[in-house]
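Subject: Structure handover

Hello,

Here is the structure for your files. My notes on it follow below.

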Amino acid sequence: MLLGALLAALLPPAAFAADAKKLRIGVEGAYPPFSEVTPSGQLKGFDIDIAQALCASMQVQCTLVQQDFDGMIPALQARKFDAIIASMAITAERKKQVAFSDKYYNTPARFIVKNGSAITISAKGLEGKKIGVQRSTIHDRFVTETFKAAQIVRYTKQDEVYLDLAAGRIDVTLQDTVAADVGFLKTPQGKGFTFIGPSYNDVAYFGDGSGIAMRKADTDLLASFNAAIKAIRADGTYKKLQDKYFDFDVYGGP
């Protein structure tokens, strides 16, 4: 097994991607409805279904590898897996490290607070307030650079943010609207909480939607993923998967 891993690491990355019949896909498993783990230990969610649909379209056998989000890109570079399908936003900062496919969905972000909260979403309104975010995400970067007088509390997983919000240990959180609505507000834990303030989709922070990340050298793999995204959108597979989770167009924009 060790010899095989060493040989794989020595192969030219682009050639490896082009000839691959097996791929390892990095997923999170803690970001419903996009990615979560069932009580029986099975992965499910929109990201998971998209990963499987793209692999089927590419006619490759894929293995899903669970990884905390803040370690996704380092694990990709260390060849723990070949691509990331984990609602990762396509941003200029991340493009310095990895290559991205075309987007496979695009939704805005909003803040969540407890019903009746006197908080207002402004530099003054959030001064001294505790904003909970998942570490190393677009939401982390946005609140850190925008609300400098707030206290930014960072977490490894998004469900940890929700736990502390529900317990009153943080005042507010910024999250993807769909993930927040389905993964928190519509759950028993999210009862008594609500969205507040505007929707955020500034490309400088939130990127061009969520895409599939891979190593820059894997150009053939990038082309294969882009072709597969187009294929599943054209043949109705994408809409079927989207309708399983959402009652609106999650792809967004042109």
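**Rings and charges**

R233 lies over the face of Y251, 3.5 Å from the ring centre. The charged end of R233 also sits over the ring of Y238, at 4.9 Å from its centre. A charge counts as over a ring if NZ of Lys or CZ of Arg is within 6 Å of the ring centre and within 35 degrees of the ring normal.

This is a predicted model: local features need pLDDT of at least 70, side-chain atom pairs count only at pLDDT 80 or more, and totals for chains, interfaces and linings use all residues. Residues are numbered from 1 along each chain as its sequence is written, and side-chain values use heavy atoms, with hydrogens and water left out.

Y238 and Y251 also belong to a cluster linked by ring pairs, including F34 and F246. Rings of Phe, Tyr and Trp (its six-membered ring) pair if their centres lie within 6.5 Å; planes under 30 degrees apart are stacked, over 60 edge-to-face, the rest tilted. The count comes to 21 aromatic pairs.

- F34 and F246 form a tilted pair: 5.7 Å centre to centre, 40 degrees between the planes. F34 is in the loop between β2 and β3, F246 in the segment after α11 (237–245), 212 residues apart. Helices (H or I, at least four residues) and strands (E, at least two) are DSSP runs, numbered from the N terminus.
- F34 counts as buried at 0% relative accessibility. F246 is buried at 5%. Buried means under 20% relative accessible area (1.4 Å probe, protein chains only).
- F111 and Y200 form an edge-to-face pair: 5.9 Å centre to centre, 85 degrees between the planes. F111 lies in β8 (109–114) and Y200 in β12 (193–200), so the pair ties together parts 89 residues apart in sequence.

**Pocket**

How much space lies in the largest pocket? About 360 Å³. A pocket is an open set of points on a 1 Å grid over the protein atoms alone, where a 1.4 Å probe fits, with protein on both sides within 12 Å along at least five of seven lines; lining residues have an atom within 4 Å of a point. The volume is the space filled by probe spheres set on the points, which are joined across faces, edges and corners.

The lining of the largest pocket has 27 residues; A89, T107, I138, D176 and S210 lie nearest its centre. β6 supplies the largest share, four residues.

Best wishes

Methods
Buried means under 20% relative accessible area, exposed over 50%, partly exposed in between (1.4 Å probe, protein chains only).
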